[in-house]
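Q: I'd like to learn how to read a few features of a model. Could we go through them one at a time, starting with enclosed space?

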Amino acid sequence: MPAPLSASPSTSPSASPSVPLSVREPLPVVLAGARGHGRSHLLNIHRLQRLGLVRLAGVCELRPLDAAELDGLGEPAQSDDFEALLAATGAKLAVLSTPIQTHTDLALAAARHGADILLEKPPAPSYAEFRRMADGVAAAGAACQIGFQSLGSHAVPAVRALITEGAIGEVRGVGAAGAWVRDTAYFRRAPWAGRRRLDGLDVVDGALTNPLAHAVATALALAGTTRAEDVTGIETELFHAHAIESDDTSAVRVTTAAGLPVTVAATLCAERTGEPYVVVHGTRGRITFWYREDRVLLQRAGHGPEELVHGRTDLLENLVAHVVGGTPLLVPPDETGAFMRVVEAVRTAPDPLPLPAAHWRTEPGESAERRVVTGVEALVEASAEQLRLYSELGAPWAAPAPAEAR
């Protein structure tokens, strides 16, 4: 049994907020996109509303929410016109959980109306759109938080502190692995799902850039590579087993300004869903971080394994604390610049290659059939362990050589 690591007290998202409730009225918030993943934001707003931090003032959806969906949230204004809703409600906060290709324009609209923003990941479908969003929001004087929930984990600074202290010696590289299951219904859930482009606009909805984007962002954060200028090179390998335009089985290797390799291998075609993780390799040990569980395992020479589950700060709650009391944002746009360099490399890479049918099989899924790539879990784990791409691990379908972007 691993021994517990020592740690300072941490705060979970459900703990009492650090913002004094007596100093202000709840901040009016508009939620754009309240179904699908947006449902999690609706529930979180409900939690913060009960704490007196926010008030749901408006919901922007193509089809209005019914009373059951709004249970406990009052009667917010509803409209499919985002700007009109912002103007009518006087919203101070906007939570954006909409299709990727809409992120930039909606964030700029919110900023124009004086609202601070929580923007779902990925923040934009291209680096140019990301810069247009980040620069425009900053020019308008609005705060913007990017919704990488894993970067609110207290494990991130804790792991960085262990690295700085030399707990595992000199860092050799960082690897991440994500093996998930998604059936064909997942790629039919919206017109933009599984697309690289739609109606002439970039979407870039691939395994690395959307469902397992947290693996990429978290690996980069643990490597101390968060800003665009921290990246010196990117190699990509993009494939798909499902009949989609984007990638569902992918690998990327980022070279950092410090010369470290950061690899991420991801698939949506696993035999079974596993917990994604990031592993920091050192000359005298390793640190593994299961980022959805906030769980850290330290293994080092001369010591037994040590494990700790950390707390997490909710990103919307952090945005409220920033607006009210100046608390620093945990994930401002520029701290996702390195991630957006990866998105850009995926966007500009050759279209993903279809995996030959001999290397995948069809299995029943939750609501539709799914495709399983033979042996892909072992490849994903080997990539994180060896810091290699699929082609370098001998995957029979991983050719030609990786594309490079700089």
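Q: Which residues line the largest cavity?
A: A cavity is a set of points on a 1 Å grid over the protein atoms alone where a 1.4 Å probe fits but cannot get out, and lining residues have an atom within 4 Å of a point. Here the largest cavity is lined by Leu-151, Ala-217, Leu-220, Ala-221, Thr-225, Thr-226, Glu-335, Thr-336, Ala-338 and Phe-339. Helix 6 (213-222) and helix 8 (337-348) are the elements that give two or more residues to this lining, and helix 6 gives the most, with three. Helices are DSSP runs (H or I, at least four residues) numbered from the N terminus.

Q: What is this model, and how are its residues numbered?
A: It's a predicted model, where local features need pLDDT of at least 70, side-chain atom pairs count only at pLDDT 80 or more, and totals for chains, interfaces and linings use all residues. Residues are numbered from 1 along each chain as its sequence is written, and side-chain values use heavy atoms, with hydrogens and water left out.

Q: How confident is the predictor?
A: Look at pLDDT, the predictor's confidence in each residue, from 0 to 100. The protein chain has a mean of 93, with 93% of its residues at 70 or more. Over residues 6-23, though, pLDDT is below 50, and this stretch has 31 contacts in the model beyond near neighbours in sequence. A contact means heavy atoms within 4.5 Å.

Q: Back to the cavity: how much space lies in it, and what classes of residue line it?
A: A volume is the space filled by probe spheres set on the grid points, which are joined across faces, edges and corners. The largest cavity holds about 50 Å³, and the structure has one cavity of 30 Å³ or more. Its lining divides into six nonpolar, three polar and one charged residue. For these classes, Ala, Val, Leu, Ile, Met, Phe, Trp, Tyr, Cys and Pro count as nonpolar, Asp, Glu, Lys and Arg as charged, and the others, Gly among them, as polar.

Q: And the largest pocket: how much space lies there?
A: A pocket is an open set of points with protein on both sides within 12 Å along at least five of seven lines. The largest pocket has about 1200 Å³ of space. Of its 37 lining residues, Arg-35, His-37, Gly-38, Ser-97 and Trp-192 are the closest to its centre. By class, that lining has 14 nonpolar, 13 polar and 10 charged residues.

Q: How many aromatic pairs are there, and how do I read one?
A: You describe a pair of aromatic rings by the distance of the centres and the angle of the planes. Rings of Phe, Tyr and Trp (its six-membered ring) pair if their centres lie within 6.5 Å; planes under 30 degrees apart are stacked, over 60 edge-to-face, and the rest tilted. A search of the whole structure finds six pairs. Tyr-127 and Phe-130 form a tilted one, 5.7 Å centre to centre with 50 degrees between the planes. Both lie in helix 4 (residues 127-139), three residues apart, about one turn of the helix. Tyr-186 and Phe-187 are edge-to-face because their planes sit at 85 degrees, with ring centres 5.1 Å apart. Ring pairs also link Phe-239, Tyr-390 and Trp-397 into a cluster.

Q: Is Asn-318 buried or exposed?
A: Buried means under 20% relative accessible area, exposed over 50%, and partly exposed in between (1.4 Å probe, protein chains only). Asn-318 is buried, at 4%. By contrast, Ala-139 in helix 4 counts as exposed, at 70%.
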